[in-house]
Amino acid sequence: MRVVEFTDDVRDQCTQLGSGVVYALRVLCAQLVDDPLRGVPGWDPSMYVVHVDGETFWLRIESWLRRHAPTTHAALKSGASEAELAALEEVLGVRIPVPLRALWRQCAGSRDVRGAGLFPDHGWALMDLDAVARSYEGHITSQRRWEQQFGAEEGMPLWKSSWFPFCSWSVTDLSHGRFVDGETGETGSWGETAERTVEDESLTMLLEEMADRLEYPKLFPGYEPGLIGGMLVWGPPHAPEERALWEPWSG
């Protein structure tokens, strides 16, 4: 099996530029395994030049859904206006992180319809702005009650004011979900208990990886995209009835 890697000095330079650059090169290495001549010939006969295009990660996801999972695509709402985003900021009392603002300008959540599940690996739905406000205010209220009863314990926050929810178990079930930390750019998740998990993956990296999993499913282990009718379903599904209908997407 061919292995494509980049050298330590290149890795160090990319790390200084940002984690997203390292991730982009990692994906490119995986693509070069199948297509070693990917790119266009350079000035040297043995050199090929590859440009990482500027196509927005969300547009790649939306384009894939439009072509292959029209039911899930139809559940997506249109983008929010600057006035709507400003109104949300006024309600929350904090500034929306740039990555979330960019996402919501293109898609402001999903409708409560069959097939709205979107994010791997549980098929969580993209929250609309009203759900974001309800979830955020609910978490902040719980945090204040906790502090009033037990005091503010350093290192064990129930919810930080810089955490912005963006997807949940379903459009209406907000008991589980994921958030973006506006201070660090990291993503995290919450559940029905007080436990909160913060990861080092940014929203940009999360959505870029999702787009890559949809377009190049053979390059990634673990959960994989598939279809039931016109719906995107990450799987293989656990439920026998869904598994019988599920068709894995091989690209």
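Contact here means heavy atoms within 4.5 Å.

## Basis of the model

This is a predicted model, in which local features need pLDDT of at least 70 and side-chain atom pairs count only at pLDDT 80 or more, while totals for chains, interfaces and linings use all residues. Residues are numbered from 1 along each chain as its sequence is written, and side-chain values use heavy atoms, with hydrogens and water left out.

## Glu-195

Leaving aside neighbours within four places in sequence, Glu-195 is in contact with Ser-189 and Trp-190. Glu-195 lies in the loop between strand S6 (186-190) and strand S7 (196-202), where helices (H or I, at least four residues) and strands (E, at least two) are DSSP runs numbered from the N terminus. With a relative accessible area of 55%, Glu-195 is exposed (exposed is over 50%, buried under 20% and partly exposed in between, with a 1.4 Å probe and protein chains only). The C-alpha atoms of Glu-195 and Trp-159 are separated by 9.8 Å, although these residues are 36 apart along the chain.

## Packing of H6 and H8

Helix H6 (residues 98-106) and helix H8 (residues 203-215) pack at an angle of about 45°, their axes being 9 Å apart; axes are lines fitted to C-alpha atoms, for helices over the stretch in contact, and angles run from 0 to 180 degrees between N-to-C directions. H6 is therefore oblique to H8, since angles under 35 degrees count as roughly parallel, over 145 as roughly antiparallel, 65 to 115 as roughly perpendicular and the rest as oblique.

In this packing, Pro-99, Leu-100 and Leu-103 of H6 meet Leu-203, Thr-204 and Leu-207 of H8.
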